[in-house]
Amino acid sequence: MTMKVGYLGPQGSFTEVAAKAVMPDSERSSFPTIPSCMEAAAKQEVDIAVVPLENAIEGSVNMTLDYLIHKHELPITAEVTVPIEQHLLVHPGRDKNLDQITDVYSHPQAIAQCHEFIQRELPNASIHYTNSTSAAALEIQENPDRSAAAVANLLAAQTYGLTPAKQNIHDYGNNHTRFVLVSDSKKEPVLKEAKTHKTTMVITLPSDYSGALHQVLSAFSWRKLNLTKIESRPMKTGIGNYFFVIDVEKEMDEVLLPGVIAEVEALGCGVRVLGSYPCLLSSDIDNTNKKELSPK
Ligand SMILES: O=C(O)C(=O)C[C@]1(C(=O)O)C=C[C@@H](O)C=C1
C-alpha cells in the first residue's frame, strides 16, 4: 500500500531528504509551510506529515512543537535524524566571490546554524527569511539579476541548478536535525527496524506547588528511565505559565510509563502523550539519497 506523505517543500528541502530516507517508496507531496503540512495530515489529505522538530545547533523548531501541542492531536509515529550540511548557493550566472553577495535567503533555522559564518564573511548582507531552505534556492533560481545567495543543501543546488559559492558553512560540525512523522491515519508505514524508541510527554505543573518539577523528574528517575530532552514552552495563557515537554528513551509499555503517568497525575499535573515511536537514523537506512546529495 503506497503511503501519501506530505513534507515541507518545495523539492530539495531537508524535510524531503528525511521523507525519502524513511519512506523511499511513498507518494510525496510538498507543502509550503510546516502548519499547512500538518493541516494536510490532520485532514487526512496525506497519510503522514514529515516535519522538522529539533536541530543540534539551534534547538527546537518551535513552530512544529507549538502546532503539535496547541493545534492538533496528531500523534508522533516515528522520528528520523538526518545530517545537515549547509552551503551558500548562487545562481550559475553570478560571481561566486563572497564580496559580491549583498543578500542571503534561507529558513530561520538554517540562517541561525550559519550566523557566525554570515557575520564573519558577509557582514553587510541583508538576511531574508524563507519558509524553507529549498524555497530560498528557488528564489535564487528565479532571480538571476540579484546579487544574492541561498543557504541550502546540495540536493537543492541540483534541483534548482545553483552553484556552491562556499560549502559546509554551518558553524558547528555534527549538525543534525530530528524530523518527526505525524499521522492520524490507520495506515501503518513500513519502517526499518529501530534500535531505540522514545515517548514524548507534555506535562503541566500544578500552580503554587513548590518542588513540583523535582517530583515529576523523580517519577522517571527512580524507575531508571532515561530522559533525552526536557524543555519548557509557553502555555500562551500568561507570563510564567509553561508546559514541560519531556522525551523518555522508552517505548510505551504496560508498567513503567503508565506508572509514571499515574504518579505525576497524582501530584496534580496534567499529562498528554504526544507519541511513542521508533527512532531512526538516516545513516542506518539503506536508501539515504546519498547519490542525490553529492555535488554534480
Ligand atoms: O528548510 C528546510 O530545508 C527544512 O526542511 C526545514 C529545516 C528546519 O526547520 O530545521 C530542516 C532542517 C534544517 O535544520 C533547516 C531547516
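What percentage of the 296 residues in the chain is buried?

1. Buried residues account for 43% of the 296 residues in the chain. Keep in mind that this is a predicted model. A residue counts as buried if 20 or more other C-beta atoms lie within 10 Å of its own.

2. Next, the chain overall. Its secondary structure amounts to 10 helices and 15 strands. The radius of gyration is 20 Å, close to the 19 Å from the globule rule for 296 residues, so the chain is as compact as a globular protein of that length. Along the principal axes, the C-alpha atoms fill a box of roughly 65 × 45 × 30 Å.

3. Now look at contacts. Take those between residues at least 6 apart in sequence: 74% of them join residues at least 24 apart.

4. Five strands form an open sheet in the order S8-S7-S9-S6-S10, and the pairing is mixed. Strands S8 (126–129) and S10 (163–166) stand at the edges. Each has a single partner strand, so one side of each is left without a neighbour in the sheet. From one strand to the next, the twist averages 35°.

5. Strands of a sheet pair through backbone hydrogen bonds, either parallel or antiparallel. Here, S6 (residues 87–90) pairs with S10 in the antiparallel sense, over three bridges. Find Leu89: its bridge partner in S10 is Pro164.

6. A helix packs on this sheet: H6, residues 133–142. Helix H6 touches S6, S7 (103–106) and S9 (148–152). The direction of H6 makes about 155° with that of S9.

How values were computed: Residues numbered from 1 in each chain as written. Predicted model: local features only at pLDDT ≥ 70, side-chain atom pairs only at ≥ 80, totals over all residues. Pairing = 2+ DSSP bridges. Helix = DSSP H or I, 4+ residues; strand = E, 2+ residues; numbered from the N terminus. Axes fitted to C-alpha atoms, helices over the stretch in contact; angles between N-to-C directions. Contact = placed C-beta atoms within 7 Å. Rg over C-alpha atoms; globule rule 2.2 N^0.38 Å. Buried ≥ 20, exposed ≤ 12 C-beta atoms within 10 Å, placed from the backbone.
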